[in-house]
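Dear colleague,

A summary of what was found follows it.

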Amino acid sequence: MSEHERYMRRALELAARGLNTTDPNPRIDCVLMQTKRIVDEGWHERAGGPHAEVNALRAAGPAAEGATAYVTLEPCAHTGRTPPCVEALAGARVRRVFYGAGDPNPLINGAGVMALRSSGIEVVGELLADESRALNPGFFKRMRVGLPWVRVKLAMSLDGRTALANGASRWITGEAARADVQRYRARSSVILTGSGTVMSDDPALDVRLEPCARQPLRVILDSALRVPARARVFARPGQALVFTASTDAARRGELERSGITVERVEASEQGLALEAVLRRLAALEANEIWVEAGARLAGSLLGAALVDELIVYVAPSLLGPAARPLVELPPIEQLEARVQLQFIEALPLGEDLRLTARPQPSAKPAAAAAASGGG
C-alpha cells in the first residue's frame with residue numbers, strides 16, 4: 001500500500017463518522033498532510049453545514065498553506081447550501097489534492113478538478129474510488145440514474161420462513177440482529193413498507209438508537225388508502241409519506257389533517273408502480289431506502305429488478321412448511337428464470353447470521369410482478 005493510499009484510507013474511515021448524519025449529502029472526509037505529518041482533519045457532519053474541506057482548513061489555519069489534501073470525493077465547484085470547496089482550498093494555498101472518486105453530481109462531475117487545476121493546484125485522482133463509492137452507494141446511484149439504493153431487510157428461520165401460519169413472528173431473531181436493524185435504519189433516508197404490514201403489525205419503524213441524529217422519512221405504499229391515521233408509523237407529524245392510487249378525497253383529507261403527506265402515483269395490475277415511487281423519492285433527495293415489508297412487496301421489488309441489496313437475518317430455527325414464505329414471486333417454470341444472487345458478506349450476530357446478497361443483472365425473473373406491489 002502506498003503512503004497516498006494509506007492517507008486516503010484514513011480519510012475514508014473518518015468519513016464514516018457521517019454515516020447517519022449527512023443525508024442527503026455524501027459522507028466525505030478531508031485529511032491535510034505536511035511532510036508525512038497530519039496537520040488536521042475535517043469531516044462533513046450534516047447537510048447545510050461546512051463541507052469536509054472547509055472544516056479541515058479551519059482547523060488547520062495557516063498550517064494548511066502548502067499542504068496536501070486527501071479528500072474522499074472530488075471537491076465541489078458550485079454554490080449550493082454552502083460556497084464551493086475549490087475556492088476554500090485555493091484560498092488556503094493548498095499545494096496538492098488527492099481525491100477518492102469523481103463527483104457524479106452533474107453540477108460538478110469534473111468541474112472541481114478543472115477549477116483546482118486552473119488555480120495552480122496539482123490534482124491526482126481517482127484514488128480508492130471503489131471504496132469512496134461504497135461509502136455512498138445511494139448518492140452515486142441517485143446522481144447517475146435517478147434512483148435510490150434499495151436495501152430489503154428480511155428475517156427468516158433456517159428453512160426460509162418469516163412467521164408462523166397465524167402470523168406470529170416476534171421474535172425470530174435475537175437482540176443483536178434487531179440492534180443491527182436499528183443501525184441500518186439510522187443510515188437510511190427512507191424506511192419503506194406496505195399498508196399490509198402497517199395494518200397487521202402496527203410498527204413504529206423509527207430509529208431507537210441513542211443519540212439519534214435524525215429520523216428517516218417513513219413511506220407507506222397504500223394503493224387503496226387503508227391505513228388509519230392513528231397508526232404508530234404516523235406518530236411523528238410531518239415525517240410520513242403515503243403513496244396511493246386512490247382518488248378517495250375524504251380518506252386523503254383525513255390523513256393530511258393529521259400531518260401526513262399523501263401523493264398519488266400510477267396504479268399497476270397488483271398495486272402501485274414501484275419504479276415511479278422510487279424515482280419520486282430520488283427527486284426528494286433520498287439516497288438509501290430501507291425496506292421492511294411483507295413477502296408480497298419484497299417479491300414485487302425483486303421481480304421489478306429494483307433491489308440493490310438483500311439484508312437477510314437468519315435464525316438457527318425451523319418453522320416448518322406451513323409457515324409464511326420469505327418472498328412471493330410468480331411461478332418459475334425454468335431454472336434459468338430464477339432470481340440469482342451474489343453473496344457479499346456473512347456475519348454472525350449473536351446466535352443469528354446476517355447475509356448480504358445482491359441480485360445479479362443476469363437474473364431473469366418472471367415479469368408478472370414487475371411493476372406491482374404496495375398493498
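In which loop does Ala293 lie? Ala293 is found in the loop between β12 and α11; helices (H or I, at least four residues) and strands (E, at least two) are DSSP runs, numbered from the N terminus.

Please note that this is a predicted model, in which local features need pLDDT of at least 70, side-chain atom pairs count only at pLDDT 80 or more, and totals for chains, interfaces and linings use all residues. Residues are numbered from 1 along each chain as its sequence is written, and side-chain values use heavy atoms, with hydrogens and water left out.

Not counting residues up to four places away in sequence, Ala293 touches Thr193, Gly194 and Thr197 (contact means heavy atoms within 4.5 Å). Between Ala293 and Phe343 there are 21 Å in space, C-alpha to C-alpha, and the two are 50 residues apart in sequence.

The sheet

An open sheet of mixed pairing is formed by 9 strands, in the order β11-β10-β9-β8-β12-β6-β13-β16-β15; two strands pair if DSSP finds at least two bridges between them. Because β11 (261-264) and β15 (341-349) stand at the edges with a single partner strand each, one side of each is left without a neighbour in the sheet. From one strand to the next, the twist averages 25 degrees (axes are lines fitted to C-alpha atoms, for helices over the stretch in contact, and angles run from 0 to 180 degrees between N-to-C directions).

Strands β13 (residues 309-315) and β16 (residues 352-359) pair in the antiparallel sense over 5 bridges. Tyr313 has Arg354 as its bridge partner in β16. Helix α10 (residues 274-283) packs on the sheet, and its direction makes about 150 degrees with that of β10.

The largest pocket

The volume of the largest pocket is about 1200 Å³. Here a pocket is an open set of points on a 1 Å grid over the protein atoms alone, where a 1.4 Å probe fits, with protein on both sides within 12 Å along at least five of seven lines; lining residues have an atom within 4 Å of a point. Grid points are joined across faces, edges and corners, and a volume is the space filled by probe spheres set on the points.

Its lining has 40 residues, of which Lys153, Ser169, Thr197, Asp201 and Ala293 lie nearest the centre of the largest pocket. Among the elements that each supply at least two residues of this lining are β6, α8 (195-201) and α11 (295-303).

Yours sincerely
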